[in-house]
Amino acid sequence: MGMTTHPATRDHCLSLARSVDRPTGGARYGRMFPRLEPLGTDPHVLMRAGSDGGICDAAAALDLGAGGDDAEQAAGWPFFGQLLAHDTTADRSPLMGGVETDALRNSRSPRLNLEMLYADGPIGSPYMFDLNDPAKFLLSPDGYDVPRNPQGIALIGDPRNDVHIFTLSLHVALLHAHNRIVDHLRAHDVPEEDVFDKARIALTWHYQWIVVHDFLPRLVGPELVDEVLEDGGKWFNPEPMNAFIPLEYADAAYRYGHGQIRHAYHLVEGGPELPLFPDLVGFGPLPADRRLDLAQIFDVPGRPPAQRAKRLDGRLAASLIGLPERITGAVDESAYRSLAVRDLLRGDTTGLPSGEEVAKLLGVPPLTEDTWPGGTPLWFYILKESEYLGDGDRLGPVGGRIVAEVLIGLLRADPASYLSLEPGWQPMLPAAGDTFGLTDLLIPAGSR
């Protein structure tokens, strides 16, 4: 029997993937708390704090065997959060600044629309799709990797999703989810010319629903999520088509996930423990002995509990304090290999206020422990707030408020999101439990 081919997907005028329709005016950064003054810490102080042996270095507290720094949530959640960041933000400005805030450009549209997965769709990004069935994503022959060029470069919507095995594995799982939805739509006789657009919308809405009903409640608490859904944001509530990315979110609060990276991971049950960097770095074909069983980083019904994320405590795993050159590129200062240094410097160069000043503005009593004379950098403050007020398992009142209001605000400002078009919408894909969640999307029941 010959191979079945499908007609090329048409360039639908309402396609969510068309770059011509992305909001250029909204693809920018701004301020959530514009009246607060920048903290302005000496960069040398920040570099000492974030470098090897500094207060952000978790090596001194390393305790792999006892699980003493294990958090409540599974280890995969910060990597899902990393995909959200890649979907909404891409700041190409230099680490040490020199660019005015008004001139900073976000290379991503400020929407949770899976732009990092779809790019410009089968018409604008045909190298990501199956030539014989352009409604479906192309995968490696074994289905575990993305397609790559002859030099091993990933042919995907956002090259950052190839940075390490975990983001790559989640990206591949989302590609499979799209392809399953295509099969589902065809089985229900959806006209072929509509299959791709409907599959993209279906996957995007399931993803958005997961952000609101699975990801955010774990990260900030269900009470705050319900409040922002019901009352709207107090500090971030952009009008439709007028969204932007607050710097307090991009360069401080949403960098919380760096503090959740474990010292080491099992990729498969009984496998060796490996640090994220350099052992699990990406940017090349996925070796057969580096395939990830997603049940090792997410709790899956019928499987043993997954590894846990690291507790939030202001310290980063050693593999993030000494990033490999494949991640940082060549640097003229060794401290720039530390992700903690980069997080602290980024907040300084973009003029963020102190954590204490933000807390006062929000009506929250500021922390008194582990704070800095003259004011604590917002990124570090949010991590310590999580340690003292969230038991290291979730964000505290400052970090939680910023993240919840921004993510829900971006969805409300997007006229194509489920919250804008059909706020009562429910997932159509099957769930293993009472409610649909991320693992139902990534690991369908038939593959468990």
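On a 1 Å grid over the protein atoms alone, a cavity is a set of points where a 1.4 Å probe fits but cannot get out, and lining residues have an atom within 4 Å of a point. Grid points are joined across faces, edges and corners, and a volume is the space filled by probe spheres set on the points.

The model is predicted: local features need pLDDT of at least 70, side-chain atom pairs count only at pLDDT 80 or more, and totals for chains, interfaces and linings use all residues. Residues are numbered from 1 along each chain as its sequence is written, and side-chain values use heavy atoms, with hydrogens and water left out.

**Exercise 1. Describe the second largest cavity.**

Step 1. Start with its space: about 70 Å³.

Step 2. List the lining. Gln73, Trp77, Pro78, Phe215, Arg218, Leu219, Tyr256, Gln260 and Asp393 form it.

Step 3. Assign elements. Helices are DSSP runs (H or I, at least four residues), numbered from the N terminus. At least two lining residues come from each of α2 (77–88) and α6 (192–220). Helix α6 gives the most, with three.

Step 4. Sort by class. Ala, Val, Leu, Ile, Met, Phe, Trp, Tyr, Cys and Pro count as nonpolar, Asp, Glu, Lys and Arg as charged, and the others, Gly among them, as polar. The lining has five nonpolar, two polar and two charged residues.

**Exercise 2. Describe the largest cavity.**

Step 1. The structure holds five cavities of 30 Å³ or more. The largest has a volume of about 100 Å³.

Step 2. Its lining has 14 residues, and Leu344, Gly347, Asp348, Pro377 and Leu378 lie nearest the centre.

Step 3. Two or more lining residues come from α11 (339–349) and from α13. Helix α11 gives the most, with four residues.

Step 4. The classes are nine nonpolar, three polar and two charged.

**Exercise 3. Work out how α13 packs against α14.**

Step 1. Helix α13 spans residues 378–389 and α14 spans residues 397–413. Their angle is about 115°, and their axes lie 7 Å apart. Axes are lines fitted to C-alpha atoms, for helices over the stretch in contact, and angles run from 0 to 180 degrees between N-to-C directions.

Step 2. Name the arrangement. Helix α13 is therefore roughly perpendicular (65 to 115 degrees) to α14.

Step 3. Find the contact (heavy atoms within 4.5 Å). From α13 come Leu378, Tyr381, Ile382, Glu385 and Leu389; from α14 come Pro397, Val398, Gly399 and Ile402.

Step 4. These contact residues divide into seven nonpolar, one polar and one charged.

Terms used. Angles under 35 degrees count as roughly parallel, over 145 as roughly antiparallel, 65 to 115 as roughly perpendicular and the rest as oblique. On a 1 Å grid over the protein atoms alone, a cavity is a set of points where a 1.4 Å probe fits but cannot get out, and a pocket is an open set with protein on both sides within 12 Å along at least five of seven lines; lining residues have an atom within 4 Å of a point.
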